[in-house]
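Have the viewer open as you read.

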Amino acid sequence: MTQDSFFDAVGGHDTFVRLVDAFYDGVADDPVLRPMYPEEDLGPAKERLTMFLEQYWGGPGTYSAQRGHPRLRMRHMPFKVNPDARDRWLAHMRTAVDSLGLAPIHESQLWDYLERAAFSMINTFED
């Protein structure tokens, strides 16, 4: 059996669920990031991020089927994403990525993308 996508190579759906769950464990208690999630429970946010990452990395296209084009910058515009928010997001995501125990090549590819994405979401330099 050949693995033709990053999604498959890292373990598919279960790996992305673990990543997102670990990430939101940190966000849940973060005083800067938690207010950016309006739902009472983080479940809907977890589902959206899981679907997005799975699709981006070659898994099912559920995200686009349910939500349309990702339009990440536009979807984040209502929130103040400054360098502090970016750094907090990256710190929680770093913990989550490290928890997966991925092969170094896969960890590097994933982290490179997440870091670039986080930097591109900055929409203000105000505190």
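## Two helices crossing

Helix 2 passes helix 6 in a right-handed crossing (the near helix is turned clockwise from the far one by less than a right angle). The contact, meaning heavy atoms within 4.5 Å, involves T15, R18, L19, A22, F23, G26 and V27 from helix 2, and W89, H92, M93, A96, V97, S99 and L100 from helix 6. Nine of these residues are nonpolar, four polar and one charged (Ala, Val, Leu, Ile, Met, Phe, Trp, Tyr, Cys and Pro count as nonpolar, Asp, Glu, Lys and Arg as charged, the others, Gly among them, as polar).

Helices are DSSP runs (H or I) of at least four residues, and angles run from 0 to 180 degrees between N-to-C directions of axes fitted to C-alpha atoms over the stretch in contact.

## The largest pocket

The largest pocket holds about 690 Å³ of space, the volume filled by probe spheres set on its grid points. A pocket here is an open set of points on a 1 Å grid where a 1.4 Å probe fits, with protein on both sides within 12 Å along at least five of seven lines; lining residues have an atom within 4 Å of a point. Among its 27 lining residues, Y24, Y37, L72, H76 and W89 are closest to the centre.

Helix 3 (43-56) gives the most to this lining, five residues. By class, the lining has 21 nonpolar, one polar and five charged residues.

## About the model

This is a predicted model, in which local features need pLDDT of at least 70 and side-chain atom pairs 80 or more, while totals for chains, interfaces and linings use all residues. Numbering starts from 1 along each chain as its sequence is written, and side-chain values use heavy atoms, leaving out hydrogens and water.
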